[in-house]
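Visitor: I am new here. Please show me the structure, then take my questions.
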Amino acid sequence: MSTEAVVMMVVAMLVVWGGLVLALVNLVRQGAVEDRSDGA
Amino acid sequence: MSTTAGHASEHAEQERRRGGFSSRRVFILAAIGSAIGLGNIWRFPYVAYENGGGAFLLPYLVALLTAGIPFLLLDYAIGHRHRGSAPLSFARLRRGTEGLGWWQVGICFVIAVYYAAVLAWALRYTLFSLDKAWGADPEAFFFGEFLQAGDVAVTADVVPGVLVPLAVVWVAVLAVMALGVQRGIGTLSLVFIPVLLVAFGVLVVQALLLPGAGTGLDALFTPDWSALASASVWAAAFGQIFFSLSVGFGIMITYASYVDRREDMTGSGLVVGFSNSGFELLAGIGVFAALGFMAQAAGTAVDEVASGGIGLAFIAFPTIINEAPAGALLGVLFFGSLVIAGITSLVSVIEVVISAVRDKLDTSRLTATLAVGVPAAVLSLVLFSTTSGIYVLDVVDHFVNQYGILVVALVSMLVVSWALRALPGLAGHLNVHGRPRVGTGWRVLTSVVAPAGLAVVLVLALRDDLAEPYEGYPAWLLGGFGWLLVVALPLVGLALSRLPWRSGTHLDGPPPGADPSAPATAPTGARTGTGHSEGGLR
């Protein structure tokens with residue numbers, strides 16, 4: 001594989017799968033905040 | 001009991017009868033199952049390859065963030081706030097827009113009828129993979145021995161090899177639908193989505209270990225930056241995002257209506273949107289690694305073997321399976337993944353129709369399933385288990401996607417954004433429990449950027465179809481199963497919107513207690529079946 005192709009593949013993975021991880025973290029954290037609010 | 005409390009209690013009972021997802025996890029898996037379909041596996045890799053390779057990532061991400069996810073959140077907000085199928089949600093948004101919901105229902109019915117046929121092919125090919133039944137010439141086998149496709153004509157010559165798996169698909173799908181939202185769709189998603197991820201993950205690893213895989217990935221990811229100057233490349237990115245995310249034709253409205261009122265729909269939408277794109281990227285890697293192997297084995301360049309759609313699945317992959325070590329395993333994983341991805345999408349498409357029928361007529365789940373499923377199955381078997389099935393399928397698929405989904409999505413967005421000016425109210429609803437908050441940016445993206453992107457895709461598609469007949473098919477086929485169908489669907493939708501709602505249906509804005517963003521003094525009287533609009537800008 002050319003360097004250019006490797007870089008683009010890694011960037012694509014980081015952006016898309018990184019975005020998914022961030023979205024999951026946001027959802028989990030938000031759920032925890034909601035739970036604390038309900039319990040208060 | 002006060003009137004307000006009485007209406008709230010009545011509505012709670014109606015919601016109980018409608019059913020719903022038991023948890024956020026089940027809803028997210030079901031929504032991911034709907035979004036991840038055949039297009040993720042066989043459409044995205046080739047679209048990316050054809051439109052700049054690695055450079056396509058830029059317009060693709062722009063389309064995802066500026067149009068796909070904002071539009072997904074719009075669908076979620078409409079369904080979650082108004083607690084109904086697409087027609088009921090639009091009727092509650094404003095009575096006169098109910099026809100938009102039925103238009104979406106009509107599109108889903110048509111898609112279900114032909115989508116099941118492709119699943120039947122994939123199901124049969126999963127079994128064919130075990131002994132590579134297609135032999136040395138997969139193309140001749142697919143069109144000849146398997147589909148028995150003859151001249152372009154509509155025939156009644158049944159192909160038993162397609163009829164039987166198609167009947168199996170319909171029996172399985174209707175059984176799932178009869179079980180209901182949680183026990184049927186929810187359980188199916190809980191089991192099948194993890195299985196899909198594992199199966200496809202194994203397939204990708206196997207493909208990456210094949211000789212020549214690097215050549216395929218090189219072809220997919222080497223960027224052609226000049227492509228970014230082309231409007232058609234940007235249109236391809238917006239088109240891929242729209243077709244892939246299942247937005248704009250009722251699915252996400254329907255699924256969102258089954259979610260707990262306190263759920264974070266914005267956060268859930270981000271997870272669904274990125275999961276869909278994450279799977280597409282995985283599919284791109286797996287498919288092009290396999291195509292690289294195919295090119296090396298044939299001693300040609302990747303561009304000689306690269307293909308998408310039916311050609312990729314039923315011709316290129318069998319060729320790869322013939323040559324690859326442990327090819328039978330590769331075949332079972334690939335076609336099994338197609339079946340699983342397809343079936344979780346198919347149930348979501350049919351649910352749009354069943355949910356609408358149940359809301360309108362107040363029928364039981366089983367009655368609605370049979371009332372929708374039996375005619376759909378019969379039509380599917382009659383049209384697509386014959387020797388002319390592939391031609392009809394190709395034409396219907398092209399026109400319903402290009403001029404059914406795109407047009408109804410565009411019209412819905414424009415109506416909600418500009419005619420009803422409902423975005424502030426919908427944003428307020430999303431923000432009650434949703435994070436991150438949506439604001440002016442989301443409203444601009446949903447009312448301007450996403451419609452503009454859709455409009456460009458639509459104009460370019462129309463230009464191509466007017467310049468020359470799609471795939472060279474005869475005018476009678478394109479007219480009868482293409483243009484006539486896409487013109488008839490909104491008219492049928494309009495006619496269905498004239499039918500009365502079942503007695504007691506709340507049509508006066510969001511149902512009582514459904515919209516925590518509403519002021520405490522908001523009117524909650526259930527004017528049933530009246531022409532009142534919510535018009536609610538807060």
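Guide: Helices (H or I, at least four residues) and strands (E, at least two) are DSSP runs, numbered from the N terminus. This is a predicted model: local features need pLDDT of at least 70, side-chain atom pairs pLDDT 80 or more, while totals for chains, interfaces and linings use all residues. Residues count from 1 along each chain as its sequence is written, and chains are lettered from A and ligands numbered from 1 in the order written.

Visitor: How many helices and strands are in chain B?
Guide: Both kinds of run are counted over chain B. The count is 22 helices and zero strands.

Visitor: Why is chain B as compact as a globular protein of its length?
Guide: The globule rule (2.2 Å times the number of residues to the power 0.38) is set against the radius of gyration, taken over C-alpha atoms. For 538 residues the rule gives 24 Å. Chain B is as compact as that because its radius of gyration is close, at 23 Å.

Visitor: Which element of chain B gives the most to the side that touches chain A?
Guide: Contact means C-beta atoms, placed from the backbone, within 7 Å. The contact takes 20 residues from chain A and 21 from chain B. On chain B's side, α5 (57-82), α11 (213-221) and α14 (265-298) each give two or more. With nine residues, the top giver is α14(B).

Visitor: Which residues does B:Ala116 touch?
Guide: Leave out residues up to four places away in sequence. The partners are then B:Leu166, B:Val169, B:Trp170, B:Val173, B:Leu346 and B:Ser380.

Definitions and conventions: Contact = placed C-beta atoms within 7 Å.
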